[in-house]
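Here is a short briefing on one protein chain. Look over the sequence and the structure, then read the points below.

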Amino acid sequence: MSQHETPLFDGLLRHAERNPVQFHIPGHKKGSGMDPVFKEFIGENALSIDLINIAPLDDLHQPHGIIKEAQQLAAEAFGADHTFFSVQGTSGAIMTMIMAVCGPGEKIIVPRNVHKSIMTAIVFSGAVPIFIHPEIDKDLGISHGITTESVTRALTEHPDAKGLLVINPTYFGIAGDLKQIVDIAHSFNVPVLVDEAHGVHIHFHEDLPISAMQAGADMAATSVHKLGGSMTQSSILNVREGLVSVNRVQTILSMLTTTSTSYILLASLDTARRHLAINGHQIIEQTLKHAQETRKKINEIDHLYCVGEEILGSKATYDYDPTKLIVSVKNLGISGHDAEKWLRDRYNIEVELSDLYNILCIITPGDTKEDCELLVKALTEMAASFKGTVQSRYAHVMLPDIPLLALSPREAFYSETETVPLDESAGRIMAEFMMVYPPGIPIFIPGEIITEENLRYVKENVAAGLPVQGPEDEELKTLRVIRERKPIY
Ligand SMILES: Cc1ncc(COP(=O)(O)O)c(C=O)c1O
C-alpha cells in the first residue's frame, strides 16, 4: 500500500455508500434518531461514518482488516515497527506504555514534571517511581527535560528499573539529547518510553528535534490530535520491537480502551497520517517560517521576550521546536494569566496556556500570516497599555519544589485518609493529586509530604487566577491526606 491511500477512511466511505439498514448501535442511525438541531449542525457526512465495530469495519481491539492496514501505513510513516491507534488520547497510550513494562513494586525512572496520566499509570500499575529532577529554567519559571548525566546516575543506582520515561519535546517545545539518552538506557537494557504528546510533527521536518522513533526509543505516545491535524482525542502509540512485548502492548491498550471506539476519530488518524506523510515537510516548512517571523517581531516589542534558539546549550536544552512561541511577560509586571485574559477580552485571541510568567502560543499549518500579524499587533498594544505600570511583582520567579515521597503513590492512594484544612496540611502525606492544568504537571502526588513552599506556590497560582485542580475540594480549602493514628491515653 502507498502513503497516498487511506484504507480505513475509504472502507468507511464504501460502507456508508452501501447505506445498509442498521439494526445496531449507535441508535441515532445515521442521525435519524437524534436531536434535529444537533443533527443539522454536525451534518450528514459525519453521522454516516459514526459507526462501531461491525464485521466489515474491523475491530480496534483485534484488528485484521482496514484498521490493521491503516495502522501499518502509520507505522511506516512514523518509522515504527508497529503503530496502535488510540481513541483515548495520548493519556491512554501513556498508561499503556507504562503498564506494559511495569508491574506492582517494579521501578520506573521518570522526570518529576510529568503529565498526570503518567502518575495515574503509576498508581494503577503499583510501580515505584524513581524521580529525576528536571532542569529548571529560573529565568522563565518553567522546567525543561532531563540530562544525560542524570539518566546515567539514575540507571547506575537503579539498573533493575523496568523503564525510563522521557518527555520529548516538553509542552514548551524544548528537547533534551534524546538519542544519547536512548543509547544510555539501552546500554542498561532498559526500554525508553517517550511522552511525545507535543511532537507528532517533529518526525516530518529536519529543522525540528528528532522524534522518538528516529532516536531509537522503544515506545512513543504521540498526540496526532494536538499538532498533527486529526480530531481531538485521537493519538497513536508507536512501538519498536526488541525490549518490549508487542502482544502485551496490544492487550493492555485493549484493556484500557472503550469497546465503542469512534470511527470518526479512527478515520481522522488515517487521513492525518496521509497528510503528514505526503505534505508534512512542505506545510511544516511554511509553519516554521510564520513562527520565526512572528518570534522576531515579538522580540521587537518592549518588555516582551519570545524564546528562541539562544535557549539552547544547557544540558537539558539540546534542541527546540520553533513553532512554539513562549512569550515571557513578567517584565511587564503582569502574570501570564493577566496576558491571556487581556488578549481574550481585547482581541478575541485564545492562547494555548498561561502560567505565572508566560503565555504559550502554538503556530501550526492551520495559521495564516494574518493570524500571526494579529497576534503581534495585540501583543504590541498589550505591552503599550501596561508600560506605565511595569513593576516587579513577577520578577522573582517561583517554582514548586519536588517534595519527598513517603509512600508509593498507589499505597497512598488506597490508604485510609482524612481531610484537613489546607493551611494546616504542611508536613502531612498527600492522598490526592494537585496540579495547574494546563499543563497538568503535578505540584503534589499521592504519597508526597506536603511542604509550606509548595502550598505558597499553590496560593500564588490561585491568586493569579490559574486553574489549580485535582483535590476533591474544588475550593481548595481542605486537602485529603493520609490518616494519622493518634496514641490512646
Ligand atoms: C506532556 C503531556 N503528556 C501527555 C498529555 C496527554 O495527552 P492527551 O490530552 O492526548 O491525553 C498531555 C496533554 O496535555 C501533555 O501535555
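**Salt bridges and their surroundings**

Asp423 is exposed, because its relative accessible area is 57%. The model is predicted. A search of the whole structure finds 19 salt bridges. The points below take up some of these, then turn to the sheet, the rings and the backbone.

*Asp423 and Lys459*

- Asp423 forms a salt bridge with Lys459. The closest N and O atoms are 2.6 Å apart.
- This pair links distant parts of the chain. Asp423 is in the loop between S16 and S17, and Lys459 is in helix H15 (residues 452–463). They are 36 residues apart.
- Lys459 has 40% relative accessibility, so it counts as partly exposed.

*Other charged pairs*

- Side chains of opposite charge can pair when their charged atoms come close.
- Glu418 and Arg428 form a salt bridge, with the closest N and O atoms 2.6 Å apart.
- Glu418 sits in strand S16 (residues 417–421). Arg428 sits in the loop between S16 and strand S17 (434–436). The two are 10 residues apart.
- Is Arg428 buried or exposed? Its relative accessibility is 11%, so Arg428 counts as buried. Glu418, at 24%, counts as partly exposed.
- Asp139 and Lys330 also meet through their side chains in a salt bridge (3.7 Å, N to O).
- Asp139 lies in the loop between strand S4 (136–137) and strand S5 (142–143), and Lys330 in the loop between strand S13 (324–328) and helix H12 (336–347). The pair therefore ties together parts that are 191 residues apart in sequence.
- Lys330 is buried, with a relative accessible area of 10%.
- Glu340, Arg344 and Glu350 belong to one network, joined by salt bridges that share partners.

*Around Glu472*

- Glu472 is in the loop between strand S19 (468–469) and strand S20 (478–482).
- Its relative accessibility is 60%, so Glu472 counts as exposed.
- Which residues does Glu472 contact, leaving aside its neighbours within four places in sequence? They are Glu432 and Arg480.
- Glu472 and Phe433 are 39 residues apart along the chain. Their C-alpha atoms are separated by 9.4 Å.

**The seven-stranded sheet**

- Seven strands form an open sheet. Their order is S1-S10-S9-S8-S6-S2-S3, and the pairing is mixed.
- Which strands stand at the edges? They are strand S1 (82–86) and strand S3 (128–132). Each has a single partner strand, so one side of each is left without a neighbour in the sheet.
- From one strand to the next, the twist averages 20°.
- S9 and strand S10 (residues 235–239) pair in the antiparallel sense, over four bridges. Ala221 stands opposite Leu237 in S10.
- Helix H7 (residues 148–157) packs on the sheet. H7 touches strand S2 (107–111), S3 and strand S6 (163–167). The direction of H7 makes about 145° with that of S3.

**Aromatic rings**

- How many aromatic pairs does a search of the whole structure find? It finds four.
- Angles over 60 degrees count as edge-to-face.
- Phe78 lies in helix H4 (residues 66–78), and Phe204 in the loop between strand S8 (192–196) and strand S9 (219–222). The pair therefore ties together parts that are 126 residues apart in sequence.
- Both Phe78 and Phe204 are buried.
- The charged end of Arg112 sits over the ring of Phe131, 5.7 Å from the ring centre.

**Backbone exceptions**

- Most residues other than glycine have a negative phi, and most peptide bonds are trans.
- Ile25 and Pro26 are joined by a cis peptide bond, with omega about 0°. Pro26 lies in the loop between helix H1 (7–18) and helix H2 (36–42).
- Asn168 and Pro169 are also joined by a cis peptide bond, with omega about -15°. Pro169 is in the loop between S6 and strand S7 (174–175).
- Lys29 is not a glycine, yet has a positive phi of about 45°. Lys29 is in the loop between H1 and H2. At 28% relative accessibility, Lys29 counts as partly exposed.
- Lys30 has a positive phi of about 60°, although it is not a glycine. Lys30 lies in the loop between H1 and H2. Its relative accessible area is 26%, so Lys30 is partly exposed.

Notes: Residues are numbered from 1 along each chain as its sequence is written. This is a predicted model: local features need pLDDT of at least 70, side-chain atom pairs count only at pLDDT 80 or more; totals for chains, interfaces and linings use all residues. Side-chain values use heavy atoms; hydrogens and water are left out. Rings of Phe, Tyr and Trp (its six-membered ring) pair if their centres lie within 6.5 Å; planes under 30 degrees apart count as stacked, over 60 as edge-to-face and the rest as tilted. Buried means under 20% relative accessible area, exposed over 50%, partly exposed in between (1.4 Å probe, protein chains only). A charge sits over a ring if NZ of Lys or CZ of Arg is within 6 Å of the ring centre and within 35 degrees of the ring normal. Two strands pair if DSSP finds at least two bridges between them. Axes are lines fitted to C-alpha atoms, for helices over the stretch in contact, and angles run from 0 to 180 degrees between N-to-C directions. Contact means heavy atoms within 4.5 Å. A salt bridge is a side-chain nitrogen of Lys or Arg within 4 Å of a carboxyl oxygen of Asp or Glu.
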